[in-house]
Amino acid sequence: RSSDLRILKLCEMSRKLETEEEKVLPFYASSLTRDEEGEVAAVVTEPANEAMASTAEEFGPLENFWKRYNKVLLDKLALDKERQTLLEENQQLRIVLKQYLDGISVNDEIMSKNNPLFVVN
């Protein structure tokens with residue numbers, strides 16, 4: 001009973017955090033091609049054995065949950081990839097900035113190395 005209430009509270013909390021688009025259209029459109037949708041429809045119309053039918057009925061209401069969960073998982077993976085790309089870009093920019101600052105600095109350590117601004121005739 002307490003787990004039921006906890007789930008309901010979590011649903012209410014997550015509802016507050018949804019964007020307007022998610023509230024209006026909470027599930028993404030299918031990314032299946034027409035051929036794939038036809039295959040799915042053929043499988044769905046096949047007569048199911050008793051065990052499969054009872055399992056499908058039992059977990060049917062969770063289909064929307066799994067759609068949302070998978071969408072969030074895909075979004076997280078995309079954000080992780082973007083983060084990694086930005087970290088790599090940041091590292092490259094730091095290297096370029098250090099090279100620039102080393103080029104305009106004048107001290108013994110910098111002067112002992114090759115310096116693009118230091119020209120000896």
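**Patches, pairs and confidence in a predicted chain**

User: Which element gives the largest share of the nonpolar patch, and how many residues is that?
Analyst: That's α5, with six residues of the patch. Keep in mind that this is a predicted model.

User: What makes up that nonpolar patch, and what is its area?
Analyst: Phe59, Leu62, Phe65, Trp66, Tyr69, Leu73, Leu74 and Leu77 make it, and together they cover about 810 Å² of surface. To join such a patch, a residue needs over 30% relative accessible area and no salt bridge, with nonpolar side chains linked within 5 Å.

User: Take Trp66, then. Is it buried, partly exposed or exposed?
Analyst: Trp66 sits in helix α5. Its relative accessibility is 44%, and partly exposed runs between the 20% limit for buried and the 50% limit for exposed. So Trp66 counts as partly exposed.

User: How do you know that Lys71 and Asp75 form a salt bridge?
Analyst: Check the distance: their closest N and O atoms are 3.3 Å apart, and the rule asks for a Lys or Arg nitrogen within 4 Å of a carboxyl oxygen of Asp or Glu. So the pair passes as a salt bridge. As background, side chains of opposite charge can pair when their charged atoms come close.

User: Why are Lys71 and Asp75 separated by about one helical turn?
Analyst: Because they are four residues apart in helix α5. As for accessibility, Lys71 has 30% and so counts as partly exposed, while Asp75 is partly exposed too, at 37%.

User: What about Asp80 and Lys76: what makes that a salt bridge?
Analyst: The N to O distance is 2.9 Å, and the cut-off is 4 Å, so this one qualifies. Both residues lie in helix α5, four residues apart, about one turn of the helix. Asp80 is partly exposed at 37%, and Lys76 is partly exposed at 48%. By this rule, the count comes to two salt bridges.

User: Which residues gather in the patch of negative charge?
Analyst: Asp35, Glu36, Glu37 and Glu39. They count as negative because Asp and Glu are the residues taken that way.

User: Where is confidence highest, and where is it lowest?
Analyst: Helix α5 (residues 63-104) has the highest mean, 88, and helix α6 (residues 108-112) the lowest, 67. Overall, the chain averages a pLDDT of 76, and 66% of the residues score at least 70. Where pLDDT is low, the predicted coordinates should not be read in detail.

Definitions and conventions: Residues numbered from 1 in each chain as written. Predicted model: local features only at pLDDT ≥ 70, side-chain atom pairs only at ≥ 80, totals over all residues. Heavy atoms only, no water. Patch = residues over 30% accessible without salt bridge, like charges linked within 9 Å, V, L, I, M, F, W, Y side chains within 5 Å. Areas by Shrake-Rupley, 256 points an atom, 1.4 Å probe, with all protein chains shown as cover. Salt bridge = Lys/Arg side-chain N within 4 Å of Asp/Glu carboxyl O. Charge placed at Lys NZ, Arg CZ, Asp CG, Glu CD. pLDDT = per-residue confidence, 0-100. Helix = DSSP H or I, 4+ residues; strand = E, 2+ residues; numbered from the N terminus. Buried < 20%, exposed > 50% of the residue type's maximum accessible area, 1.4 Å probe, protein only.
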